Amino acid sequence: MFKLLFVSQLKSAVRTKRYLFWTLLFPIALGSLFFFAFGKIYDQDKSEVIPVTVICDNPSENENYKNFTAVLEGLQYDDGTNMVEIKDVEATDTQTATEKAEELLKDEDIDGIIFVSGDGKISLKIAENSVSSSILTNVINTYKQKVDILTAAMEKQTEKGNSDPAELQKLMEEITESTEYTKSIPLAGENKDPFVQYFYNLIAMISIMGSMSTLAIVIDGQANQSTRGIRIDASPVNKIKYELILQLAAVFVQEIIIVIALLYYTKVLGINFGGDMGLVYLTSILSTLLGCSLGFLVGHIGKFSRTIKENILMTIILGGGFLSGLMYGDMKAIIEENCPIINRINPSAVISDAFISLNLFGVGKKYYYSIFYVMILTVIFTAIGLTMSRRKQYASL
């Protein structure tokens, strides 16, 4: 039974032209467009100095300002060129300094205004989206994450009542080390091109597109949706076992599709995903499991018609892709600042976070957390789908 159902589903997936178009041909075409649109922009601009103005109340007394500006001044490109140039404005108060900085920004004399508050909050104001604004955003986000980690460690030490000055000094030295780390390898990854995030989101889209196949499998097996479902429900076959075998076949096909797409992006287009390629493939494979489990879940939601369930899934795919930055690169950062819970439950954002973590931080705690979160969502979606499948009953067929 396993072999018969598995091979049958493989043949069905390969023969479905619409499925192959949306999961393979469309992402390849879109990736090619991204490459020709963005491929050379970063290479042309990556060694240009980024002029900025940093605004702060009482900069001479603000330790957050001193630490952050020290980081900015220490940033360098691989060729030794300084990444950021801090342009000071002469003013007697913050309001006047801000107004003068905004004039410089309007006249394109600087690429951004960075505000550092007394409590350590850092924000960025730009005139338009560009390579430089993306680099500044990544620098600020990386700095915030490093500081948050160190601050949490210091608070934990204080709560335990063993606030050792030597230990605190060691933590402060780690801030300096993180600055040097950014200096030698800016943003901690192999690929600093901010446009690579579009390819992360493309992989996420391919992974989530696999849900279309698993959704069709679930719907075709439901008695209120198709004659095939009636035959399955009337037969002695184990419904859960039946669904899981077909799901396994769908996952197998989707894994092949995502490997083909990755080979095209890396070998043909020459995209550098910024991490160990073995882990890139592993992350993609696990992401495919998440995408397929999503279709499995949506297929079991209620007794809605096929059209309604397909619309629900397409809304999740397209809406999730938009919110994760597929259409607008800074969207996920905007969501993270205003409503971070969306990034935690959006499958596309969860998948792209795994790739970003691998590129920015390498193999470490943040990457493992991202992969763990992908696996947890996969298990949750699958478990809920199986629970709903067991409870499906029909008064009449």
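Strands (E, at least two residues) and helices (H or I, at least four) are DSSP runs, numbered from the N terminus, and two strands pair if DSSP finds at least two bridges between them. This is a predicted model, in which local features need pLDDT of at least 70, side-chain atom pairs count only at pLDDT 80 or more, and totals for chains, interfaces and linings use all residues. Residues are numbered from 1 along each chain as its sequence is written, and side-chain values use heavy atoms, with hydrogens and water left out.

Q: Which residue takes a positive phi in the hairpin of strand 3 and strand 4?
A: Gly 120 does, with a phi near 95°, in a hairpin that has five residues between the strands.

Q: What makes strand 3 and strand 4 (residues 122–125) a pair?
A: Four bridges join them, in the antiparallel sense, and at least two are needed; Phe 115, for instance, has Ser 123 of strand 4 as its bridge partner.

Q: Why is strand 3 (residues 112–116) called mostly covered?
A: Four of its five residues are buried, where buried means under 20% relative accessible area, exposed over 50% and partly exposed in between (1.4 Å probe, protein chains only).

Q: Why are helix 11 and helix 12 called oblique to each other?
A: Helix 11 (residues 239–268) and helix 12 (residues 277–299) pack at an angle of about 140°; angles under 35 degrees count as roughly parallel, over 145 as roughly antiparallel, 65 to 115 as roughly perpendicular and the rest as oblique, and the two helices are therefore oblique.

Conventions: Axes are lines fitted to C-alpha atoms, for helices over the stretch in contact, and angles run from 0 to 180 degrees between N-to-C directions.
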